[in-house]
Amino acid sequence: MANKLLWADDEIELLSGHIIFLQTKGYEVDTVTNGLDAIEACKNDTYDLILLDENMPGLSGLETLIRIKEIIPTIPIVMVTKSEEEDIMEQAIGSKIADYLIKPVNPNQILLALKKNIHQKEIVAEKTNSAYQQNFGKLGMQISDSLSIEDWIEVYKKITYWEFELEGANDEMKEMLKVQRNEANAMFAKFVKRNYTDWLNSERSQRPMMSHDIFRERIFPLIDKGEKIFLIVIDNFRYDQWKVLANEISSQFVIEEELYTGILPTATQYARNAIFSGLLPLQIKNMFPALWVDEEEDEGKNLNEEALIETQIARYRRKDSFSYNKVMASSAADKYIDTIHNLSGNNLNVLVINFIDMLSHARTESMMVRELASSEAAYRSITHSWIRHSAITRLFNYLANSNYTTIITTDHGSIQVGNPTKVIGDKNTNTNLRYKLGKSLNYNPKDVFEIKEPTKAFLPSPNISTNYIFATGNNFFAYPNNYNHYVSYYKDTFQHGGVSLEEMIIPLITMRPREK
């Protein structure tokens, strides 16, 4: 069906050549010579776009624009005028015009305005689909040829880029990308299996930066330079979610982005405790047994984070003053921000934000949240809404006007699981869907990364025969009893603890306020 335009101009007879040109391009064009007729036409018919002369007898173009917007708030209106006065342009822009053309206009200018405002989505989608198809083979080769963690970081960045680009694409393109992401995660799991324990037993120069390196390599050196650090740890915060946040705050900060490798299990008890202590889990348990809580214990697993920061500062014989706070909801965040000025004397302020992790768990447990976050794109959208409408906006506004260097990171990401794999364990086996530890575990070795000697991976071993297994790709562990119910309940939920690009390759961002 042809797109329908309304053109309002008191000299419309002089524009017959333009109208014929648009008709030859497939547009249907209605014409009027004044604002009142334009308003009446909008009441009686439906248009895809309006071309509106600014200088007409009776109602001016700006007055007509306001009246039309009251009737059809979303319709794109292109203002066409002889005037180049700045205040008229500003009034028109303030009234949310779609475009602004200065007379005399040529047909191609008008055609460009139509393409931008009527056909942009289709044009962008078509070009994006074409670009992805051209890059499909190149990305596939990059996945096959990745031999280092740096290679895998670039692969993950490319996949994330195309996820954003293809959000409005057809299902075929999205499915192609999903296949490539699954292929990448399968290859990445093999890479991790080959290298993980070697990394933990190697010199720092021979392995990637990992969770327990963050303070020593990225925070302490900046404090030594005299910078005051505000460290924000957003639990369960993926790289794609960071890109959503970056889009909101990039005008306020100069941003340095890097990705690092989280330790296994990709779970708070292990990874966040490693960040705050500067130690691997087994080292924490051996050196500070009172601060480590084993899986089978009922005590909270991340209640000793402030004490762990203290141990790391003391171990490096530092005298840094610091604060530690954790917020779980916007009301708590508001209270924190109301008193944030009281923290200005510290070298380091640490804030843990738990919203994303709470969202992930809520999506598992609540049917309504499942509907709202039914896909990767929807999950990002909820993150975006939270960023825009929660106290975190106030926090970043404050930091943008402060003398802090802000560091944003996370303990791990998450992956949308879809493929159940059976596991059998005794009653003491932990409940996480992406990693298990216990004795006499029964599982398909092809579906997991298994660590039979936990000490080699610096993992605590509650008993002498403890094994750790980690789900790879989008697998999740399911018990044979009540299997079908279990699978249907957890399929397509976002989980963490295992081996995937989304869980292990995570953001580490350094930001400084832009000069005003």
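Which residue does the side chain of Arg394 meet in a salt bridge? I looked this up in the model, which is predicted. The partner is Asp334, with N and O 3.0 Å apart.

**Entry 1: salt bridges**

Arg394 has 35% relative accessibility and counts as partly exposed. Asp334, at 29%, is also recorded as partly exposed.

I then searched the whole structure and found 36 salt bridges. One of them joins the side chains of Asp411 and Arg272, at 3.5 Å from N to O. This pair links distant parts of the chain: Asp411 lies in the loop between β10 (404–409) and β11 (415–416), Arg272 lies in helix α11, and 139 residues separate them. Is Asp411 buried or exposed? I noted a relative accessible area of 0%, and since buried means under 20%, Asp411 is buried. Arg272 is buried as well, at 0% relative accessibility.

I also looked up Glu453, which forms a salt bridge with Lys456; their closest N and O atoms are 3.3 Å apart. Glu453 counts as partly exposed at 45% relative accessibility, and Lys456 is partly exposed at 45%. Elsewhere, I noted one network of salt bridges with shared partners, whose members include Glu163, Arg181, Asp240, Arg380 and Glu502.

**Entry 2: aromatic pairs**

My search of the whole structure gave 26 aromatic pairs. In one, the ring centres of Tyr196 and Phe449 are 6.3 Å apart and the planes stand at 80 degrees, so I recorded the pair as edge-to-face. Tyr196 belongs to helix α8 (residues 171–200) and Phe449 to strand β15 (residues 448–451), 253 residues apart. Tyr196 is buried at 1% relative accessibility, and Phe449 is buried at 6%.

A further edge-to-face pair is formed by Tyr270 and Trp292, with 5.5 Å from centre to centre and 65 degrees between the planes. Tyr270 is in helix α11 (residues 268–277), whereas Trp292 is in the loop between α12 (281–287) and α13 (305–315). I found Tyr270 buried, with a relative accessible area of 1%, and Trp292 buried at 6%.

**Entry 3: charges over rings**

Over which ring does the charged end of Arg380 sit? I found it over the ring of Phe164, 4.8 Å from the centre. Likewise, the charged end of Lys422 sits over the ring of Tyr483, at 4.9 Å from the ring centre.

Conventions
Residues are numbered from 1 along each chain as its sequence is written. This is a predicted model: local features need pLDDT of at least 70, side-chain atom pairs count only at pLDDT 80 or more; totals for chains, interfaces and linings use all residues. Side-chain values use heavy atoms; hydrogens and water are left out. Rings of Phe, Tyr and Trp (its six-membered ring) pair if their centres lie within 6.5 Å; planes under 30 degrees apart count as stacked, over 60 as edge-to-face and the rest as tilted. Helices (H or I, at least four residues) and strands (E, at least two) are DSSP runs, numbered from the N terminus. Buried means under 20% relative accessible area, exposed over 50%, partly exposed in between (1.4 Å probe, protein chains only). A charge sits over a ring if NZ of Lys or CZ of Arg is within 6 Å of the ring centre and within 35 degrees of the ring normal. A salt bridge is a side-chain nitrogen of Lys or Arg within 4 Å of a carboxyl oxygen of Asp or Glu.
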